[in-house]
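Dear colleague,

Please find below the structure that I am handing over to you.

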Amino acid sequence: RSAYRLGVKLFSLGQLAQSRMVLAGLVRPYLSRLSDETGETAHLAIMDGPFHVVFVDKSLGRLNLKMDTVLGDRRWAHQTATGKAMLSFKPRELLEQYTRTAPLGQHTPNSISTPEWLYEELARTRERGWAIDDEESEDGLKCFAVPLIDGLGSAIAAISCSGPSTRMEHNRARILASLQKAAADIARAGRIK
């Protein structure tokens, strides 16, 4: 008989890692299609606790000057388009807790720096169905993201395309259309539970 037993916390971490891998595997074909269609790098991110996002998969774009995020990279949610896409579905109480905890400040001249600014941005994001990181985390870099909604109406993940600001802005309509189609196709395929 073994002297070791799998603790509940370790078991939970194992379950979380497995569900991340399953989600990444299911969404991967859509990320590949996104990077092929847009030429930009496509990402899949999930919430890691109530305040952070973690990037769990990516498909590199074919164009020069591509964004190559490290998988497992963890960031404050408001500093990313994927994070804002998911935060826009969170209840007000959690957002108020978020603004008391998160380091709102000027990382770049465009960074969200006040709770009011974040609330307004999240309301716009939810209304239009997509989020933007408009050179908020890095000068010269823009990202568009859409949430992946489960059957209960929760944003459990988000997909995005990132690249140089000028190119992303020039191709905004086409990139957003590709992102929204990918999210709709994932939902239609019953991929998100």
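Predicted model: local features only at pLDDT ≥ 70, side-chain atom pairs only at ≥ 80, totals over all residues.

**Findings**

Gly25 is partly exposed, with a relative accessible area of 48%. Here, buried means under 20% relative accessible area, exposed means over 50%, and partly exposed lies in between, with a 1.4 Å probe and protein chains only. Gly25 belongs to helix α1.

Residues are numbered from 1 along each chain as its sequence is written, and side-chain values use heavy atoms, with hydrogens and water left out.

**The chain as a whole**

The chain contains six helices and six strands. Helices (H or I, at least four residues) and strands (E, at least two) are DSSP runs, numbered from the N terminus. In order from the N terminus, the elements run α-β-β-β-α-α-α-β-β-β-α-α. The chain has 193 residues, of which 47% count as buried.

**The nonpolar cores**

A nonpolar core is a set of buried Ala, Val, Leu, Ile, Met, Phe, Trp, Tyr and Cys residues joined through side-chain atoms within 4.5 Å. The largest one has 26 residues, and those with the most contacts inside it are Val27, Leu34, Leu44, Phe144, Leu148, Ile159 and Leu179. Two or more residues are given to this core by each of α1 (8–38), β1 (41–48), β2 (52–59), β5 (141–149), β6 (155–164) and α6 (172–188). Apart from this core lies another, of 23 residues, including Ala45, Met47, Phe55 and Leu122.

**The cysteines**

How many disulfides does a search of the whole structure find? The search finds zero, where a disulfide is a pair of cysteine sulfur atoms within 2.5 Å. Cys143 is in no disulfide, and the nearest cysteine sulfur, that of Cys161, is 7.6 Å away. That separation is too far for a bond. Cys143 is buried, with a relative accessible area of 8%, and Cys161 also counts as buried, at 0%.

**The second largest pocket**

On a 1 Å grid over the protein atoms alone, a pocket is an open set of points with protein on both sides within 12 Å along at least five of seven lines, whereas a cavity is a set of points where a 1.4 Å probe fits but cannot get out; lining residues have an atom within 4 Å of a point. Grid points are joined across faces, edges and corners, and a volume is the space filled by probe spheres set on the points.

The second largest pocket holds about 150 Å³ of space. Its lining consists of Lys84, Asn110, Ile112, Trp117, Glu121, Arg128, Ile132, Asp134, Glu136 and Arg172. By type, the lining divides into three nonpolar, one polar and six charged residues. In this count, Ala, Val, Leu, Ile, Met, Phe, Trp, Tyr, Cys and Pro are nonpolar, Asp, Glu, Lys and Arg are charged, and the others, Gly among them, are polar.

**Individual residues**

Glu135 lies in the loop between β4 and β5, and at 23% relative accessibility this residue counts as partly exposed. Most residues other than glycine have a negative phi. The phi of Glu135, however, is positive, near 60 degrees. Ser111 is in the loop between α3 (92–101) and α4 and is buried, at 3% relative accessibility. Ser111 and Glu135 are 24 residues apart in sequence, with their C-alpha atoms 7.6 Å apart in space.

Thr82, in helix α2 (residues 81–87), counts as buried at 1% relative accessibility. From C-alpha to C-alpha, Thr82 and Ala157 are 7.8 Å apart, and in sequence they are 75 residues apart.

Finally, Asp185 has its place in helix α6. Is Asp185 buried or exposed? Asp185 is buried, with a relative accessible area of 11%. Its side chain is joined to that of Lys181 by a polar contact of 2.8 Å. A polar contact is a pair of N or O atoms within 3.5 Å; within protein, one must be able to donate a hydrogen and the other to accept it, and residues adjacent in sequence count only if both atoms are side-chain atoms.

Yours sincerely
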